[in-house]
Amino acid sequence: MNAEVNGALREKVREIYRHIQDNLYFNRPDMEVKGEAFNAGLLMGLLTGLSQGKELIIGEPGLGKTTSAEYICTLLYRIPLGTIWGSEVPGHPEQTEEKIIGRPDLGKLNQGEEVVVWSHFALLPVKIVDEINRLPETKQSMILDGVDRGNWEYLNDAIINREYCLFATANYQDRGTNTIIAPLIDRFDVMVESKHPGPNLAYLIGAQGPNGAALRHEELEGEFQRVMSERLPYQVRMERIGEICDRFGEALAREAGIESLSEEDRQTIRSQKEEIPLELDFNAFLRFVLAELSFCCRYGQKRSHEGCEEGCHFTEYLCNTVRNCVSNRLPISARNFAQTLAWLLGDEKVGLEHLKAVLPFTLAHRIQWKDEIVAQREKEARSDPLEIYMAKQAVREMHRRYMEQGTQVKSALAVACRIMDGASMEPIQGDHPIYWEIRKDLGEEVFKE
Amino acid sequence: MRNPFLDFRSLPYEKKEIPLDRIVRAKQEIMDRVLEGYLHLVEEEVKDLVWLVEHSHVVRTYSAAVNCIRELHYDQDDIEEFCAELDSAKKIPYMISGPAGIYLSALINHAPEERIVLRPKDYDRTFHFLGYRLPESKTLIIQGNVGDFIGAGLSGGRLVVEGSVGNWCGAGMMNGEILVTGYAGQKTGEWMRGGEIHVDGSIGSLGRSRFGGKIYQRGKLVIPQELDDQY
Amino acid sequence: MTKLDDILKEIWPRVKGKHLYPELPVPICAEGEDRVGLDIKGKKITISREFVEEMSQALEESDTMEGLLDHAISHYLCCPWDFSTHLKLYGEAKDVLRDKGMAQRATDYFMDVVADTHCVSQKETPLPKIYRNFKGGIVDEAIHALYQKIWGIDLAATGYEDISRKLSRLPYLDRTRWRDSIRRFSKVVKVLFEMEEKQGGSNESSPMGDHGLEQYSSQEIEQGLKDLALDAATPSEFREIVHDFEDEILEATESKEQGMGLGPGRSIDADILYYMKLAENYLLPIRRMPTKKSGSLYPHQHVPWEAGKPYQDIDPWTSFGKIMPGITQTWRRREGEIFGQEEGIPDCIVIIDSSGSMTDPRQRLSHAVLGAACACDAYLRNDAQVAVYNFSDARSGGQKILPYSQYRKQIYRTICHYFGGGTRLLTENIEALQTEKAPDIFLITDMQITNLEVLVEYFNACKNRVTAVHIGDNKHVEAFRHSMAVRKNIEIYGVVKKEDIPRIVLGKVQDYLYKKVGP
């Protein structure tokens, strides 16, 4: 890896962050990572854009959920703001597959040919869905499936996005909204809130307003429109879109002094971040977290329809406070975002601090808390919405437990490795679910009375 | 199955052990065996959780207790800890007073230390039969009030009770010395054959069947003297 | 910035990493009492400059500071971990030592031993060097001797073989046995405290500072009290410990007046606080605004049309004018949702029996009071009001009536009141609490009410939802059940175990407040 290129790219991304924070999306820093303050919404958005993730942004109406995603997408993907607006899918119950993915070419259809006119949403790498919870479940599922695989199919035709990221916004539950059901919400990598910026910054927004005009380019937007409407093979179209993106990037740099990322930059960032090694503490702590959120001594694993027995030994652990079992998407999201964060901070390894920073956002939408636990916490003073607050508290709690016994956990994993390799040793015993799970992996039948 | 622990292969597994770990482990092993011995004794000697105080029972129980502790290497601190376990009843499902006291006495009599201090005042339960057959060269100091049959069968040792004793103190003692700073209960010195009992407080009553030995109250010799009629 | 500040800035990231990044603010170096090296207030670690300078004669400043930081972080990570543990340890020490000052010192020393031993056993730390070069009082020296024995490190400690031998047997690193361990620890160190007293008392504080309650946030204190209430066998056990820490608790939770069971003059009424905290362990979530179906169907979303399905809901626009599978879309209709008519939560009347046959809540845990407290809490959290009618021999003045209120401490004070007299209530008083909206009624009694027939007659006539929980069984209960059998709005529960009362009450509350409205 070229350290110079690495440093320059990182500086570019940081500059993008600074520009958005200072000129476009006014908000307060509300999290700290390794002594540096960030706004969680902006940071997670940036990481989502860089790592091809899926982000769910919640918040009260009018607090910048959609606009923050739009700004990030414009600068990370070099797509003019107007083009992005045109590709957004608004969430309402009357949305159809034809509006979201593509429609038949009506002229050809009347001649008996099936030719698909792909929507801008399907074509472009950045996908923004406004108020996703207002979409019916079938449409939510359609979008999330598509973004999961990068595959969009309609009328026996398909396109495969080379790169993509998804930003979905949702208002809080009200009478006009559906719930995003658990299997769908689990597909999001992170959930963040776009908070109110406070009266002083809000005044600034009112007085001078965010200067998004610099992110528009009428001429190039027109070219985008033309290229996306052309009936060309998908690959050809994407090459032409790439050229227009680069021209837009040059225009941004020339006219507004903003450096944006090219496709090559993004690919380089992705390969660089994949190369950053994970520390053993990162590894062990993530396993520690997964153990607490999936373990059940009585039923083998957590299940949403099975409740805890009274007097269970493990009442001090999170398995006693949650209803569901955490999915396998959690470790993927956590690793992905932690690595991207480590790259952004210029660290040589992905460590505990990176994981601690991103974990609450990867957990918040995935955990179903028991009612009595919610009841105990909902009246506590906090500055985050309840789900994110409880996820932060949970991570804090698990981290404290890990700090106390991290050495033993790592030793237990080391011993388990040796046992797997054939060494004649006894697995290390302990109270925490991770020790029990290690023993299960080693083939022991373990259960607690 | 694929080895999911490969990332930790190179991590050296060396548990940093401090002396505390070894001390606690060793003591725990001893305590487990002491407790095991007691439970075994109770199982053998106590039927239906009833144990009658008869001379033959006491003698047999003591022999059984000695057998139980024969191979053990323990010290005074272990004896104190055993008292605490008897008191808390966390690991011991039932404490039968007689066998518990006799077992304790066996532990005391065979302990390496010559001078042992017990503090029953720290506990809620009342201990009986402490100092049973305390041999010569042993001194047992008991801080607190205790129950019945204290110093029974004393065999030359010195028993100091900084508190009061129950009934049958010094019953059947052969030789040695019992000092009680508080009061003594009924039938003090019953069946005693030798040795001395000194009581600083009041004495409930003196044992009628005595075959030797001396009893002092507040420094004054009361037995052998014809003062039985007063009691 | 001084040299010490620079050193601190350099070593803090390393120490933090060593302990796996605890969430503690950056420590500072400040002027302080020269014998106190460390002061932990609200998680903020302050290192005494004078102490570091004094120790610099024998040790590097960086070693001293690192050792102090290791100690402080170990307290955060390991022992006492939280306020609840601190109180439990203190409770056990107090039970043995029967003296507040000694119990606090014993607890402090025990926590120090646990934290230091944990640190030494897990990490590389210069902490032993501090102890080797620090001379303290009698107890400190004995503890150093203990450290020397259990760490296997020479700390130049002499004497105290007997004490250190006894103390070395304790499993300090086994959290599950801390309560037993601190009891045995306290018994042993009592001798040392007495020795110190005889020599004129201890003039020097530990270099690691005292462990007061300032290090805990008000939230931690609230949680700790809740855990303590659950853990305490009797209200008096809870009361004893809370009284010992009353000043510190009040200071730490100044703004939370309503939640603290405050009595007159701003002292803590520990008995009320006990039931308040205990009831918090039985919380129900806040009820959401109910919705119901409107009964009318409206087009809601498009779904693909399949051959054989009806035509009438086909949307020609989205179907591009074509009727063919794969192209044609049809509307799926859905019922609209509107707000249910039943908005808001009814108020609640709690009728509690505090006659002589019921448990005195200040002496022992009264499940009747706890059940009443749980019901009150549930209604208050849903912004309803609660009235309380506490009765014994009402005609002789043995009754206490609280009109509708949302003030927790008033409500709890009324519930916890104990008359201990006869059992006779006045239904006129219940009637006086009735409102237009027919509040829910919870009656908790052992049903040995002398004028039960009057109550029966009253309930027969009223429209409220009534839940009657009685303890035990007797002929009066039979009579009550029989007379209430035909009434749908009245439910009677008998409990054999008093521990079931809170659960039954909460179950009914859940039924009343959370069951779905409509079809």
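Let me begin with chain A, for which the domain assignment gives domain 1, spanning 3-264, and domain 2, spanning 280-441. Please keep in mind throughout that this is a predicted model. Taken over C-alpha atoms, the centres of domain 1 of chain A and domain 2 of chain A are separated by 31 Å. Where the two meet, 22 residues of domain 1 of chain A are in contact with 21 residues of domain 2 of chain A, contact here meaning C-beta atoms, placed from the backbone, within 7 Å.

Which elements of chain A give two or more residues to the side of domain 1 that touches domain 2? They are helix H1 (3-24), helix H2 (40-51) and helix H9 (182-185), together with strand S1 (31-33), strand S3 (54-58) and strand S11 (190-193) of chain A. Sorted by class, that side of domain 1 of chain A holds 14 nonpolar, 2 polar and 6 charged residues.

Turning now to chain B, the assignment there gives domain 1 as 18-113 and domain 2 as 114-231, and the C-alpha centres of these two domains of chain B lie 23 Å apart. In chain B, 18 residues of domain 1 are in contact with 19 residues of domain 2. On the side of domain 1 of chain B that touches domain 2, helix H3 (76-88) and helix H4 (97-109) of chain B each supply at least two residues, and the largest share, 8 residues, comes from H4(B). By class, this side of domain 1 of chain B is made up of 9 nonpolar, 6 polar and 3 charged residues.

Definitions and conventions: Residues are numbered from 1 along each chain as its sequence is written. Chains are lettered from A and ligands numbered from 1 in the order in which they are written. This is a predicted model: local features need pLDDT of at least 70, side-chain atom pairs count only at pLDDT 80 or more; totals for chains, interfaces and linings use all residues. Domain bounds come from an automatic or database domain assignment. Helices (H or I, at least four residues) and strands (E, at least two) are DSSP runs, numbered from the N terminus. Ala, Val, Leu, Ile, Met, Phe, Trp, Tyr, Cys and Pro count as nonpolar, Asp, Glu, Lys and Arg as charged, and the others, Gly among them, as polar.
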